[in-house]
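Subject: Structure handover

Hello,

Here is the structure I said I would pass on. My notes on it follow below.

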Amino acid sequence: MIQEVKMLDHHTNKIIDVIMLAGKILLENGAETYRVEDTMTRIATHYGLDNTHSFVVPTAIIFSFSEKSETRLMRIESRTTDLEKIAETNAISRAIASNSITLDDAKTMLQQLDQADLQFSLWLKALSAGLVSFFFLLMFDGTVIDLLPAFLAGSIGFLIGEYIQLHTRIKFFSEFAAAIVIASIAHLFVLQFAGDSINKIIIAGVMPLVPGVLITNAIRDLMASHLQAGIIKGVEAGLTAFAIGAGVALCLTIY
């Protein structure tokens, strides 16, 4: 009897491990709060845990499988945007629901996905940021002469921001520094080299820094009645916007 209870506890703990790991991957890679809770609940229900309770905010996951059980808490230290990991986690969740994979296989796959580095190289992301700025300048009716400054501003600014983020782990400082670099490049080209509109170059250059996914998730969480998570994400997006604006303003004031 005692051995059966121990086996049951071990099985339940393994289920909770899978649930918490799936929630962690989703939350760390940019998923909405309600999506994280919904995925965790669906996995739990599939394995017969029908009275589970989960509470998810951008910095933590709290989960218990019944009102009288122990509660698991997982701290989320860092967050980024990786839609591929979100898609892979959703695919594993659907495979669990369809009985296509065993519990052990699901745990192994989630552990491998959690450890996998699916991000593109820093140089490729910087190049992509430059192309984003390039095409945004065209959308803002910028002149041909401003295309190169916009590309360089977006690419170099993004590269500097990512580099500082790796060493400080404080987003405000990295975004603030990136905005200064972007505004400096725009100012340099307009005054010293070939450049037409400093405003359009700066606006196009900072577009890769704009927290579009964060703003979207904040609104969706608020609409799903996850008020605390929505407000937290909204404040974070506001701080990012303030950092970008402050960096640009400081640069223009100095020059």
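Throughout these notes, two residues are in contact when heavy atoms of theirs lie within 4.5 Å. On that basis, residues 24 or more positions apart account for 65% of the contacts in the chain with a separation of 6 or more.

Please keep in mind that this is a predicted model, in which local features need pLDDT of at least 70 and side-chain atom pairs count only at pLDDT 80 or more, while totals for chains, interfaces and linings use all residues. Residues are numbered from 1 along each chain as its sequence is written, and side-chain values use heavy atoms, with hydrogens and water left out.

Overall layout

The chain has 10 helices and three strands. Both are DSSP runs numbered from the N terminus, with helices being H or I of at least four residues and strands being E of at least two. In sequence order the pattern is α-α-β-β-β-α-α-α-α-α-α-α-α. The C-alpha trace spans about 85 × 30 × 30 Å along its principal axes. Of the 255 residues, 42% count as buried; buried is under 20% relative accessible area, exposed is over 50%, and partly exposed is in between (1.4 Å probe, protein chains only).

The sheet

The three strands make an open, antiparallel sheet in the order β1-β2-β3. Two strands are taken to pair if DSSP finds at least two bridges between them. In general, strands of a sheet pair through backbone hydrogen bonds, either parallel or antiparallel. Here β1 (53–57) and β3 (72–75) are at the edges and have a single partner strand each, so one side of each lacks a neighbour in the sheet. From one strand to the next the twist averages 10°.

β1 and β2 form a hairpin, with two residues between them. Five bridges join β1 to β2 (residues 60–64). Within this pairing, V57 is opposite A60 of β2, and H53 is opposite S64 of β2.

Helix α2 (residues 33–46) lies across β1 and β2 and runs at about 155° to β1. For all such angles, axes are lines fitted to C-alpha atoms (for helices over the stretch in contact), and the angles run from 0 to 180 degrees between N-to-C directions.

The α5/α6 packing

Helix α5 (residues 122–139) packs with helix α6 (residues 147–168) at an angle of about 140°, their axes being 7 Å apart. From α5, the contact includes L122, W123, K125, F134 and L138. From α6, the residues involved include L147, F151, F158 and E162. Sorted by type, the residues of this contact are 14 nonpolar, four polar and two charged. In that sorting, Ala, Val, Leu, Ile, Met, Phe, Trp, Tyr, Cys and Pro are nonpolar, Asp, Glu, Lys and Arg are charged, and the others, Gly among them, are polar.

Aromatic rings

A pair of aromatic rings is described by the distance of the centres and the angle of the planes. Rings of Phe, Tyr and Trp (its six-membered ring) pair if their centres lie within 6.5 Å; planes under 30 degrees apart are stacked, over 60 edge-to-face, and the rest tilted. By this rule there are five aromatic pairs.

F134 and F135 form an edge-to-face pair, at 5.2 Å centre to centre and 80° between the planes. F134 is partly exposed at 23% relative accessible area, whereas F135 is exposed at 51%. F136 and F140 form a tilted pair, at 5.8 Å centre to centre and 35° between the planes. F136 is partly exposed at 23%, and F140 is partly exposed at 27%.

Ring pairs also link F172, F173, F176 and F242 into a cluster. F242 sits in helix α10 (residues 227–254) and is exposed, with a relative accessible area of 54%. F242 and F176 are 66 residues apart in sequence but 8.4 Å apart in space, C-alpha to C-alpha.

A buried glutamate

One more residue to look up is E175, which lies in helix α7 (residues 171–192). E175 is buried, with a relative accessible area of 9%. Leaving aside residues up to four places away in sequence, E175 touches L209, T240 and A243.

Regards
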